[in-house]
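User: I'd like to learn how to read a few features of a structure. Can you walk me through them?

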Amino acid sequence: MNAFNFFLPTQMVYGQGVVKKAGEALALGSKALIVTGKSSARLSGALDDVLAVLPGEYVIFDQVENNPSLETVEAGGKLAKDEGCDYVIAIGGGSPLDAAKVMAVLAVNDLPALDLYTAGWENRALPIAAIPTTAGTGSEVTQYAVLTLEQEETKKGLRGADLFPQVAYLDPNYTASLPLHVTVDTAVDALSHLVESYLSNRATRASDFVALQGIALWGTAIPALRQGRFDLDDRDALLLASSLGGIAIAQTGTALVHALGYSLTYYEGFPHGRANGICMAAYLEYTKQAAPERVETVLELLDLASVEAFGELMDELFADHAGKLDLAPETIAHYVNKALLTNNIKNSLGNPAAEDLTKILTNSIR
Ligand code: NAP
Ligand code: ZN
């Protein structure tokens, strides 16, 4: 069993109405850069709640796109600098949360965003308050920020201890406005974090504890996910499971599902969670060789009889979505080569080689 150093510097404030209850404590400085996507902060009601209680000045950057770009984070960083912002409030799904983290770095460091990947950064990022409106990425409790790098034709994560938000406000009500397909996609992303953490070669007793609780909690929402109808208890289970997934991957990282999923998003346009969901059953089948008991535990916690039943669940959840995957052998080889270049792949049990990934991706699109 791996030794561990469990580090979670983010204060988590969880429950209904937590943003309004925070009141003036919401302010981590005197002027906020509020970062969000085009609609989620308003649709979820989170922005109204923030503005109702926030003391002091603020400026809003509401142009974060899905799978954010270098240009977007540079524009937000520049706005923070020009306006003299001294902290960041991030509202939205993983895309605005991740973009806000990098803006918090660029606000106090003078370098192009791409250079952060090679040179790192000297000055500590501005403090961040994160308010998730999806239940998927767990970004509110991780030290990661994933951006799209056109130069490398992929998505790639930055990591840094100062990318952990200082505080996360988690209110399941904010996820009630999610369209069904985003609820499903993001829920499957959360599950992939929990499962990849539990099946990681970096798993520890501490990360397992969190991941197993999260998988069991996620399992309670399966009937709602199957029916496409969610009450507050389901939203609550999915949001907390998502945060537990974030805490788990903050310790272990993600693994081969994410490594393959990045190409399914970059080249094929699948949302992040669905891109992961496509590969999950074949990944479980593969991991059975290295860790049969662990795969069995995952299935038991989800009350699924077999890996086939897991695959059927994914098919059912994604049945209404447009877009069927049909990849030529040379395309599969390209995506496999890209996955082998990622850091995520190294976390996978079984030390997967190109032929293993080829089999997983081929079986995933049957
Ligand atoms: P997202 O890209 O942030 O959002 C997906 C869509 O949902 C957007 O159109 C968004 O609208 C909308 N939306 C969000 N909340 C809503 C709400 N409450 N009501 C209505 N619409 C809402 O999706 P995501 O899956 O949460 O984030 C994916 C990103 O996170 C990817 O880039 C992925 O790589 C990254 N990620 C990061 C980590 C990490 O640890 N940092 C982990 C996993 C994944 P808007 O246009 O308003 O945004
Ligand atoms: Zn993910």
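Analyst: Start with burial: a residue counts as buried when its relative accessible area is under 20%. Keep in mind that this is a predicted model. Here helix H5 is mostly covered, with 13 of its 13 residues buried.

User: Which residues are the protein donors of the zinc ion (ligand 2)?

Analyst: Asp189 (OD), His193 (NE2), His258 (NE2) and His272 (NE2), lying 2.1 to 2.2 Å from the ion. Along the chain these donors follow the spacing D-x3-H-x64-H-x13-H. His258 sits in helix H11 and His272 in helix H12, 14 residues apart.

User: And how do I read the angles?

Analyst: Ideal angles for four tetrahedral donors are 109.5 degrees. At the zinc ion (ligand 2), the angles among the four donor atoms are 83 to 168 degrees, and the site is irregular.

User: How many aromatic pairs does a search of the whole structure find?

Analyst: Three. You describe a pair of aromatic rings by the distance of the centres and the angle of the planes. Phe7 and Phe164 are edge-to-face, at 5.6 Å centre to centre with 85 degrees between the planes. Phe7 is partly exposed because its relative accessibility is 43%, while Phe164, at 7%, is buried. Tyr267 and Tyr335 are stacked instead, at 5.2 Å and 10 degrees. Ring pairs also link Tyr266 with Tyr267 and Tyr335 into a cluster.

Notes: Residues are numbered from 1 along each chain as its sequence is written. Chains are lettered from A and ligands numbered from 1 in the order in which they are written. This is a predicted model: local features need pLDDT of at least 70, side-chain atom pairs count only at pLDDT 80 or more; totals for chains, interfaces and linings use all residues. Side-chain values use heavy atoms; hydrogens and water are left out. Buried means under 20% relative accessible area, exposed over 50%, partly exposed in between (1.4 Å probe, protein chains only). Helices (H or I, at least four residues) and strands (E, at least two) are DSSP runs, numbered from the N terminus. Donors are N, O and S atoms within 2.8 Å of the metal (3.2 Å for Na, K and Ca); water is not among the atoms, so sites may look incomplete. Four donors count as tetrahedral if all angles lie between 85 and 135 degrees; four count as square planar and six as octahedral if opposite donors are over 155 degrees apart and all others between 65 and 115; anything else is irregular. Rings of Phe, Tyr and Trp (its six-membered ring) pair if their centres lie within 6.5 Å; planes under 30 degrees apart count as stacked, over 60 as edge-to-face and the rest as tilted.
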